[in-house]
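Here are my notes on the model, as numbered points. Please read them with the structure open.

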Amino acid sequence: MSTHQGWTDLPDVLLHSIIPLSGSFSDLLAFAATCRSWRASISSYPWKSTLSALFPPVLLQPDVPVRSLCHHPFVDKLPCHVIDPASQHSHLCCQIPIVNLSSAYNDPQRPLGSFCFVGASFGHLILSSNRSCLIVDAFTGVSVSPPQIPGDEYTKVNYGALTAPLGSPNSHLLVTNDSHTFIWRVGSHSWLRPSPCDGTVKQIVNFKGQVFGMNSSRALFVVHLSPKIHVQKVLVSWAEMPTIQNLNNLCLVVCGDKLLLVGCRGSFPARGDTFEAFLLDQSTDSPKWVKVEELGNWAIFISTDKRSQPLSFVNPERWGGRSNCVYCYSHDSEHWAAFELGRPASNPSNFVFISCGSVVQPIWVVPRMFSVCL
């Protein structure tokens with residue numbers, strides 16, 4: 001009969017039975033930090049998609065100071081304050097590149113001094129400096145460096161996103177500048193340009209195994225990654241166009257088995273503003289956007305920088321949240337604010353600033369090891 005020598009030798013079958021008993025991402029991160037074998041058991045957990053649906057994303061707050069004994073003034077990463085809505089008494093921090101905390105750190109003597117934030121998806125921050133890009137784990141700071149983007153010294157990336165989790169076999173990085181879109185298959189040695197496609201891509205999401213995107217004209221398209229990379233426009237009926245046209249900060253959100261278009265009737269969500277949502281109805285030969293009155297038992301999480309991946313989670317009441325709400329970051333309270341879909345915000349202290357910038361703003365993130373395509 002075999003005997004186990006210690007905690008590190010527990011069999012996967014036993015560890016896998018413990019994992020679903022966790023109450024938050026904080027618990028799971030503590031579990032993974034115990035030792036290498038426990039962390040590996042999470043990677044091999046066969047029902048990982050259920051974990052990402054059980055807990056809300058965590059909120060990274062680069063604008064909140066963190067005191068850390070491990071900080072050294074000459075390193076290129078600093079601790080970032082993290083709030084876990086499902087475990088608000090937990091004390092979490094992560095390591096993100098120092099250049100993203102404040103433009104005051106944009107020191108050309110630092111290796112990352114010239115890099116800017118251009119997007120976030122699947123637990124990673126996307127950074128760019130001219131033709132160079134970095135894919136950075138939002139919690140560990142571990143980075144992947146693709147080859148240089150085709151162009152010259154004046155090339156500037158406006159948006160970047162992963163098409164799937166970094167470890168997925170078909171993961172690609174999509175970046176766009178003022179005139180072109182480039183796609184890099186993770187692990188390959190070169191970039192490809194899909195055709196046809198212009199440089200105005202504003203967002204992509206992975207929905208039911210397909211990569212949907214939206215450009216600056218609010219047109220919808222699908223990015224086909226195999227056998228040859230190409231972009232196909234989706235001809236959507238715009239019966240709701242007058243209503244949608246009046247909304248700001250539009251974004252695509254995968255909400256369970258639905259693809260939604262969510263926007264705010266107001267430039268900066270605040271008192272009196274409302275969020276509205278439209279469902280992509282593909283039940284006929286002519287897809288169309290149809291307004292939805294409620295999200296059911298789902299909640300949506302939108303980050304301060306509109307280039308960050310919007311997230312959705314089911315049954316938020318399990319951690320004290322509210323269904324049918326859009327969660328944003330309130331700069332006044334340094335906390336989140338919940339906007340009920342279709343109803344004017346009533347809290348006068350809520351002021352949400354949604355924009356694009358070169359530094360990391362408060363952002364909702366699912367840790368990389370739990371990120372999946374729904």
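**Notes on the model**

1. Phenylalanine 339 sits in strand S23, residues 335-340. Strands (E, at least two residues) and helices (H or I, at least four) are DSSP runs, numbered from the N terminus. Phenylalanine 339 is buried, at a relative accessible area of 1%. Buried means under 20% relative accessible area, exposed means over 50%, and partly exposed lies in between (1.4 Å probe, protein chains only). Asparagine 324 is 15 residues away along the chain from phenylalanine 339, and their C-alpha atoms are separated by 8.5 Å.

2. A word on the basis. This is a predicted model, in which local features need pLDDT of at least 70 and side-chain atom pairs count only at pLDDT 80 or more, while totals for chains, interfaces and linings use all residues. Residues are numbered from 1 along each chain as its sequence is written, and side-chain values use heavy atoms, with hydrogens and water left out.

3. The overall picture comes next. The chain has five helices and 24 strands. Of its 374 residues, 52% count as buried. Among contacts with a separation of 6 or more, 53% come from residues 24 or more positions apart. Contact means heavy atoms within 4.5 Å.

4. How do helices H2 and H3 pack? H2 covers residues 25-33 and H3 covers residues 36-43; their axes are 6 Å apart, at an angle of about 130 degrees. The two helices are therefore oblique to each other. Axes are lines fitted to C-alpha atoms, for helices over the stretch in contact, and angles run from 0 to 180 degrees between N-to-C directions. Under 35 degrees counts as roughly parallel, over 145 as roughly antiparallel, 65 to 115 as roughly perpendicular, and the rest as oblique.

5. The H2 and H3 contact has named partners. H2 supplies Leu28, Phe31 and Ala32, and H3 supplies Trp38, Arg39, Ser41 and Ile42. By class, the residues of this contact are five nonpolar, one polar and one charged. Nonpolar covers Ala, Val, Leu, Ile, Met, Phe, Trp, Tyr, Cys and Pro; charged covers Asp, Glu, Lys and Arg; the others, Gly among them, are polar.

6. H3 has a buried side. Trp38, Ser41 and Ile42 are buried in H3. They span an arc of only 100 degrees around the axis, which puts them on the same side of H3. The arc is that of the directions from the helix axis to the C-beta atoms. On the face of H3 turned away from the buried side are the exposed residues Arg36 and Ser43.

7. Strand S14, residues 220-224, holds phenylalanine 221. That residue is buried, with a relative accessible area of 6%. Beyond its neighbours within four places in sequence, phenylalanine 221 is in contact with residues including Val201, Phe212, Met214, Val231 and Val234. Valine 201 is 20 residues from phenylalanine 221 in sequence and 9.7 Å from it in space, C-alpha to C-alpha.

8. Please check the cis bond. The peptide bond from serine 226 to proline 227 is cis, with omega near -5 degrees. Proline 227 lies in the loop between S14 and strand S15 (230-234).

9. Two positive phi values deserve a look. Phenylalanine 122, a residue other than glycine, has phi near 50 degrees. It is found in the loop between strand S4 (116-121) and S5, and counts as buried at 6% relative accessibility. Asparagine 249, also other than glycine, has phi near 55 degrees. Asparagine 249 is in strand S16, residues 248-255, and is buried, with a relative accessible area of 18%.

10. Strand S5, residues 124-129, includes serine 129. Is serine 129 buried or exposed? Serine 129 is buried, with a relative accessible area of 10%. Leaving aside neighbours within four places in sequence, serine 129 is in contact with Ser114 and Phe115.

11. Cysteine 264 is in none; the nearest cysteine sulfur, that of cysteine 328, is 7.8 Å away. Cysteine 264 counts as buried at 1% relative accessibility. Cysteine 35 is also buried, with a relative accessible area of 15%.

Note on methods: Disulfide = S-S within 2.5 Å.
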